Amino acid sequence: MTGAAVCEDTMSDRGPEAGAAAVYIEQLAHYVGERVTIRGWVAGTRSSGKVRFLIVRDGTGLVQGVVTADSGPGAFEAVGSLPIEAAVEVEGLVRADDRAPGGVELSLGRVLPVHVPEEEYPIAPKEHGVGFLMQHRHLWLRGRKQVPVLRVRDGALWAMRRFFKERRFVATEAPILVSTSVEGTTTLFSIDYFGQPAYLSQSGQLYLEATCAALGKVYWIGPVFRAEKSKTRRHLTEFWMLEAEVAFLEHEGNLQLQEDLVRYVAQYVAEEHGDDLEVLERDPNVLLAAVKEPFPRIAYADAVELVRCAGVDMEHGEDLGAPAEDVLSRHFGRPVFVERFPIGIKPFYMKRCADAPACALCADLIAPEGYGEIIGGSQRVDTQAELEAQLAEAGVPQDPYAWYVDLRRWGSVPHAGFGLGVERTVAWLCGIPHLREAIPFPRMLDRLAP
RNA sequence: UCCCCGGUAGCUCAACAGGCAGAGCGGCUGGCUGUUAACCAGUAGGCUGGAGGUUCGAAUCCUCCCCGGGGAGCCA
């Protein structure tokens with residue numbers, strides 16, 4: 001049986017003059033003993049006199065090619081002259097070799113440069129400062145640790161979609177251009193919309209509340225924008241949010257849904273992205289242990305006590321700051337729900353606890369290892385009178401929210417939902433310290449390019 | 001918006017108390033038949049972020065500006 005029969009995913013656009021089948025590096029183990037073509041970029045070269053080594057990456061992995069003077073016409077010389085990040089097409093015999101990190105390497109027979117850079121590649125195989133790397137983000141993406149992060153991101157997003165598809169949620173959309181804010185406190189990016197003020201959406205939630213009354217169970221994954229001048233490892237001005245909203249779902253079911261989702265995504269990544277996590281030196285068992293059920297829960301009031309006992313100064317009624325979240329994160333060592341926040345620090349649309357009108361029927365999910373809040377969710381206000389009262393209490397003008405109030409006018413039902421920060425989740429899964437590496441082109445305070 | 005740190009070769013950083021601007025990596029040249037960010041030898045590479053000031057003399061001290069990093073608040 002040939003490798004091609006094992007794996008059909010070969011590249012197809014090969015001309016008639018082409019030699020061995022072009023395959024991706026991640027499939028090479030299926031092709032031991034066969035001649036294949038790899039197309040990619042030079043990640044590095046080494047030489048030991050009469051033997052030269054060429055490291056090629058193609059987005060799916062890295063493989064080392066070996067050439068000697070008798071390897072093939074011009075191959076030895078070509079490898080000697082290729083600079084880092086040259087684009088190449090190489091053909092060779094796949095060999096199993098214990099010395100190779102991936103278990104296989106390539107005895108090269110033919111080395112065809114596709115593009116040979118004339119200038120020195122700015123990113124050398126050594127440590128660089130963050131500022132320099134961010135200025136070269138368009139190239140930094142090719143880095144040995146950047147590629148697996150983006151692959152894990154893809155895996156996490158795929159797992160989210162699959163989770164909701166399995167549960168028969170409908171994927172839908174919310175607008176990016178909006179005329180009102182979702183949460184009055186947050187700063188919005190304003191734009192000129194044909195002479196009328198408009199904003200970039202900071203959340204699709206209000207719209208999902210409308211959509212869920214049409215479709216029952218909905219979710220969306222999209223970009224949202226926060227114009228806060230935050231300058232920390234946990235903030236981006238443009239980030240992706242997964243939001244879900246379910247009709248007839250109440251607080252308890254909401255938390256269960258969130259917990260199931262986070263567990264599903266973490267297990268998927270731990271099981272399907274072992275190679276990527278290994279490059280990132282992230283132990284999948286840490287993730288699997290973290291998401292064992294059930295996630296601990298703590299009431300806000302108790303969380304405050306716990307935080308104060310740990311020596312972090314905070315008042316009842318204040319929101320959880322970063323140091324407070326770190327205390328909870330360390331104390332539980334797993335994702336933890338903080339429930340029943342005081343209404344004063346939560347937005348107007350949250351329903352209040354039946355037994356405690358001063359508490360919102362909500363929960364934040366704090367990720368382990370100091371990654372901060374990855375989910376904020378709540379059961380929503382479902383009567384017109386309550387909503388109007390809470391809008392007034394929050395000092396929010398009613399007019400722009402007339403349509404939102406309408407949702408409570410016709411067939412209003414109990415409903416709940418949440419928003420999950422994609423980059424924070426990906427950063428946690430990967431074990432990387434800063435959100436900026438969890439998205440291809442991060443937007444931050446003072447960083448709009450590349 | 002506030003607090004802290006930094007800006008010297010392509011990159012990462014040295015340069016004591018103001019006194020000849022240096023190293024490693026990367027590049028280039030040469031050597032080595034199994035290297036894993038290989039190793040060895042040689043070589044090129046600088047308006048010390050900008051403007052002003054103090055001084056016989058400034059990378060070094062002072063003022064302002066620009067840029068970057070870390071953190072806080074707020075949030076996901």
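In which loop is F194 found? In this predicted model, F194 lies in the loop between β8 (190-193) and β9 (196-200). Its backbone is worth a look. F194 is not a glycine, yet has a positive phi of about 50 degrees. Most residues other than glycine have a negative phi. Is the F194 side buried or exposed? At 78% relative accessibility, F194 counts as exposed, because the cut-off for exposed is over 50%.

F248 sits in the loop between β11 (238-247) and α7 (251-272). Phi of F248 is near 70 degrees, a positive value in a residue that is not glycine. F248 has 64% relative accessibility, so this residue also counts as exposed.

Now turn to a peptide bond. Between α9 (284-290) and β12 (297-299) runs the loop that holds P294. The bond from E293 to P294 is cis. Its omega is near -5 degrees. Most peptide bonds are trans.

Helix α14 is the last stop. It spans residues 422-430. How many of its residues are buried? The count is 9 of 9, and the helix is mostly covered. Just after α14 comes G431, with a positive phi of about 70 degrees.

Terms used: Residues are numbered from 1 along each chain as its sequence is written. Chains are lettered from A and ligands numbered from 1 in the order in which they are written. This is a predicted model: local features need pLDDT of at least 70, side-chain atom pairs count only at pLDDT 80 or more; totals for chains, interfaces and linings use all residues. Side-chain values use heavy atoms; hydrogens and water are left out. Buried means under 20% relative accessible area, exposed over 50%, partly exposed in between (1.4 Å probe, protein chains only). Helices (H or I, at least four residues) and strands (E, at least two) are DSSP runs, numbered from the N terminus.
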